[in-house]
Amino acid sequence: MEAAVSKAWSHVRGNLRRSAGQRLFDQWLKPVVLVDGSTSEAVRLGLPSAFMTQWVKNHYSERLLLEFRAVLPDVHSVTIETMADEPARVLKAEPEVAPAPLPQGERPAFDPRFTFARFVVDSANRVAFNAARAVAQPGTPQFNPLYLHAGTGQGKTHLMHALGHAFLEANPEATAIYVTAERFMFEFVQALRNRDTHAFKTRLRSVDLLMIDDLQFIGGKDATQEEFFHTVNEFMASGKRLVIAADRAPQALEGFEPRLAGRLGSGLVADIKPAELELRRAIVARKLEDMPAVDMPDEVVDLLAARITSNVRELEGALNRLVAYANLSNETITIDFAVTTLGEVLRNAQRRITIDEIQRAVSSHFEVKQIDLISERRAVAIARPRQIAMYLAKRLTTRSLPEIGRKFGNRDHSTVIHAVRRIEELRGKDVEIDGAVRALMRSLEG
């Protein structure tokens, strides 16, 4: 059985290499290995780090299942897991080599799916969208750096790839690098070990456009932050374009030096708010335009848009899963088929609420800045919304009291307890507070 699965894996890898492009394949898909214990019904794939595992799950889980089923029709699951320190034996494992660094002057292979034309725009993301388009235009950039922040799966990476496409199209002789913060850190550490930091610095600082994604991952990494700080200064001094993306505003990054956070906020900081119902519906409709053979009733589109509210990536994943299951089972997509196929997804989507979403909702409701909720300000106009946000975090998430405290400016868990008790007390005697809490809960729970 190993031979059949191994042969199928070779075929799948070949297809992925052709469709993803060499650069994307080398960085994310080449490290994937077939784990011993895989069968023609259940395939196990492994990756060397949790970060890479999550990325491949988010972007390729459904694609991998479809690719394997095209070769092995009996496959019902493809699991993607992080290999242990002493990994299980892999089948036909290639020699482990670190992905080759991006040579100076090479044009990166931006994801062809992520262009400005394919980005659905509304009030939640319009500022970020227009800012990204402006940075891509020739001439002196209007602002530098451009800092994009949003929760997971809201479109930051899409905008960065779209910016890269447009910039290289408008500037045929230009050079660009797109790299995750984790990759930045990995290459910097490798350069330190090889005593070749000069080449590392020269390569990064010589390009015309540098984009670094998921910056929050270098929080607390002092040496990496120091090098990144100097890179930021170099780009700003030379007038070259620098684009950063993270899951929160610069001042809210955990484990970052104040001088670095200040520098990141000195250009344009643009946030992408969670997609509202109409935007989610428009995104599903836009995706269906690329699937002309798919007949999906409006009520199923409405179901997806109304129930999957956590982020756009999960919404797209649910759509892809629904279409794939309908094709593979030769079924017509109906509301009953959608509920049966996406039952677990729909249930989980309703339960997951993040503290970041709560903070955004509270800041919007009370018309205060989100950064104020984690600040030291004690004015009632700030303190009361902060207490409500802590109360909602305790009610609507599974985070512990210390975790909630850390999300609100590293406050002690006793502060969270006091906030929860105070809001519970006020809800019993203050109609406005109780009404605000009820409205926020309805909004957050969808």
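In what sense do S2 and strand S3 pair, and over how many bridges? In this predicted model, S2 and S3 (residues 77-82) pair in the parallel sense over 6 bridges. Within this pairing, Leu45 stands opposite Ile80 of S3. S2, helix H3 (residues 50-71) and S3 together make a right-handed β-α-β unit.

S2 (residues 42-47) also pairs with strand S1 (residues 33-35). Here the strands run antiparallel and are joined by 2 bridges. Val33 has Gly46 in S2 as its bridge partner. S1 and S2 form a hairpin with 6 residues between the strands. In that hairpin, Gly37 adopts a positive phi near 105 degrees.

Aromatic contacts were examined next. A pair of aromatic rings is described by the distance of the centres and the angle of the planes. The count comes to 8 aromatic pairs. One of them is formed by Phe184 and Phe228. Their ring centres are 5.8 Å apart, and the planes stand at 90 degrees, an edge-to-face arrangement. Phe184 belongs to helix H6 (residues 181-193) and Phe228 to helix H8 (residues 222-238), so the pair ties together parts that are 44 residues apart in sequence. Both partners are shielded by the cut-off of under 20% relative accessible area for buried residues. Phe184 counts as buried because its relative accessibility is 3%. Phe228 counts as buried because its value is 1%.

The rings of Phe188 and Phe200 form a tilted pair, because their planes lie at 45 degrees with the centres 5.7 Å apart. This pair also links distant parts of the chain. Phe188 sits in helix H6, and Phe200 sits in helix H7 (residues 197-205), 12 residues apart. Phe188 and Phe200 are both buried. Phe184, Phe188, Phe200 and Phe228 form one aromatic cluster.

Tyr325 presents another kind of ring contact. The charged end of Arg69 sits over the Tyr325 ring, 5.7 Å from its centre. The charged end of Arg321 also sits over the ring of Tyr325, at 5.3 Å from the centre.

How values were computed:
Residues are numbered from 1 along each chain as its sequence is written. This is a predicted model: local features need pLDDT of at least 70, side-chain atom pairs count only at pLDDT 80 or more; totals for chains, interfaces and linings use all residues. Side-chain values use heavy atoms; hydrogens and water are left out. Rings of Phe, Tyr and Trp (its six-membered ring) pair if their centres lie within 6.5 Å; planes under 30 degrees apart count as stacked, over 60 as edge-to-face and the rest as tilted. Helices (H or I, at least four residues) and strands (E, at least two) are DSSP runs, numbered from the N terminus. Buried means under 20% relative accessible area, exposed over 50%, partly exposed in between (1.4 Å probe, protein chains only). A charge sits over a ring if NZ of Lys or CZ of Arg is within 6 Å of the ring centre and within 35 degrees of the ring normal. Two strands pair if DSSP finds at least two bridges between them. A crossover is right-handed if, with the strands pointing away from the viewer, the path from the first strand over the helix to the second runs clockwise.
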